[in-house]
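Q: I have a structure here that I have never looked at before. Could you walk me through it while I ask questions?

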Amino acid sequence: MTAGIAYGSVEVGTELPAQSFPVTRATLVQYAGASGDFNPIHWNEKFAREVGLPDVIAHGMFTMAEAIRVVTDWVGDPGAVVEYGVRFTKPVVVPNDETGASVEVSGKVAALLDDNLVRVDLTATSDGKKVLGMSRAVVRLA
Amino acid sequence: MALDQSFVGRTYPPTPAYEVGREKIREFAEAVGDANPAYVDPEAAEALGHPDVIAPPTFVFSVTFKAARMVVQDPQLGLDYSRVVHGDQKFAYTRPVRAGDRLTVTSTIETIKSLAGNDIVDVRGEVHDESGELVVTAWTKLVARAAEEA
């Protein structure tokens, strides 16, 4: 593992560069194919509404995959991620238009641990609503 | 209907091996829009100390979820799978998943709870490589929402 960030260079409260991740219906179809999750709530509006959703929603695992990019882009080596967990609190609703939705992710160092490890707490929102809760990663720095 | 608590602690036999391919990793990385070279360029991965391209952290869910789904669809457990949503997800990595891995998943039901009519099942999936090394542990919380009153 070769993280590009030195343990000694961060402190509790250090902010990671925030990012915005766009998601359209086309993104969801592509993710369905790549992940093998073809649940129709992620591509069929009629089905989504029938089961009580406001519209098609993004795969929770898609949102989880985007959120950790704030960490992996920061450290450079994705293999530096030692732990990663989230709670799916609210769905990311993806309208059927060119713009779709976006997921805004920010992160900051929440704890310095032993062995060059740090805990990063992530915040992910879409349309002003928090879509992930308890979103935390433990990362090994250089 | 409350689920059978005797399922807590039950471990299911390991799944057949899933072989991780470079192109499948590339397809996944492209689908999440992640251009990190460690996912597609063996030399870039090697420069970071990995023997081959590695997979994005959540890639392995496709493998563990298939195993978890077999568990929660066990007819004897009695979970209404059509009402299931994903509650929490967590991974702990010994090392990143990489191309060439042949992964098997051993799933265990950790807890079964009923809260306000929702059935909640926690499944732990331990992912081993061909040599038997633990690569990653995945914890998946599945929630079967309460059925509406008829």
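Predicted model: local features only at pLDDT ≥ 70, side-chain atom pairs only at ≥ 80, totals over all residues.

Q: OK, and what is chain B built from, in helices and strands?
A: Chain B has three helices and five strands, and reading along the sequence gives the pattern β-α-α-α-β-β-β-β. The C-alpha trace of chain B spans about 60 × 30 × 20 Å along its principal axes, and of the 150 residues in the chain, 49% are buried.

Q: Can we pick a residue in one of those strands? Where is T108(B)?
A: T108(B) is in strand β3 of chain B, which covers residues 102–115.

Q: Is T108(B) buried or exposed?
A: T108(B) is buried, because its relative accessible area is 10%, and the cut-off for buried is under 20%. Leaving out residues up to four places away in sequence, T108(B) touches G9(B), R10(B) and T11(B), and also D122(B), V123(B) and R124(B).

Q: And a residue in a loop, such as D34(B)?
A: D34(B) lies in the loop between α1 and α2 of chain B, and with a relative accessible area of 8% D34(B) is buried too.

Q: What is D34(B) in contact with?
A: Once neighbours within four places in sequence are set aside, D34(B) is in contact with R69(A), T72(A) and D73(A) from chain A, as well as with A29(B) and Y39(B) from chain B.

Q: How far is D34(B) from G78(B)?
A: From C-alpha to C-alpha, D34(B) and G78(B) are 39 Å apart in space, and in sequence they are 44 residues apart.

Q: Let's move to the two chains together. How many residues does each one bring to the contact?
A: Chain A brings 30 residues to the contact and chain B brings 30 residues. The area buried between the two chains is about 2400 Å², and carbon and sulfur atoms give 55% of that area.

Q: Which residues of chain B lose the most area to chain A?
A: Those are A31(B), V32(B) and L48(B), which together make up 20% of what the chain B side buries.

Q: How many salt bridges are there between the chains?
A: The count between chain B and chain A is three salt bridges. One of the salt bridges between the chains joins D88(B) and R87(A), with the closest N and O atoms 3.0 Å apart.

Q: New topic, pockets. How much space lies in the largest pocket, and what lines it?
A: About 1300 Å³ of space lies in the largest pocket, and its lining has 47 residues, with N39(A), I41(A), H42(A), V85(B) and H86(B) lying nearest the centre. By class, that lining has 26 nonpolar, 13 polar and eight charged residues.

Q: Which element gives the most to that lining?
A: Helix α3(B) gives the most to the lining of the largest pocket, with six residues. Among the other elements that supply at least two residues are α1 and α3 of chain A.

Q: You mention α3 of chain A. Why is that helix described as largely enclosed?
A: Helix α3 of chain A runs over residues 60–67, and seven of its eight residues are buried, so the rest of the structure largely encloses this helix. The buried residues in α3(A) are M61(A), F62(A), T63(A), M64(A), A65(A), E66(A) and A67(A).

Q: What about the second largest pocket?
A: The second largest pocket holds about 340 Å³ of space, and 19 residues line it, of which G85(A), V86(A), D88(B), Q89(B) and K90(B) lie nearest its centre. Strand β2(A) gives the most to this lining, with five residues, and the classes are seven nonpolar, three polar and nine charged residues.

Q: Last one: how many cavities are there?
A: There are three cavities of 30 Å³ or more, and the largest cavity has a volume of about 90 Å³. Residues from both chains line the largest cavity, including P78(A), G79(A), Y93(B) and R95(B), and by class its lining has nine nonpolar, one polar and one charged residues.

Note on methods. Residues numbered from 1 in each chain as written. Chains lettered and ligands numbered in written order. Heavy atoms only, no water. Buried < 20%, exposed > 50% of the residue type's maximum accessible area, 1.4 Å probe, protein only. Helix = DSSP H or I, 4+ residues; strand = E, 2+ residues; numbered from the N terminus. 1 Å grid on protein atoms, 1.4 Å probe; cavity = no way out; pocket = protein on both sides within 12 Å on 5 of 7 lines; lining within 4 Å. Points joined across faces, edges and corners; volume = space filled by probe spheres on them. Nonpolar A, V, L, I, M, F, W, Y, C, P; charged D, E, K, R; others polar. Contact = heavy atoms within 4.5 Å. Buried area = accessible area lost by both parts, 1.4 Å probe. Salt bridge = Lys/Arg side-chain N within 4 Å of Asp/Glu carboxyl O.
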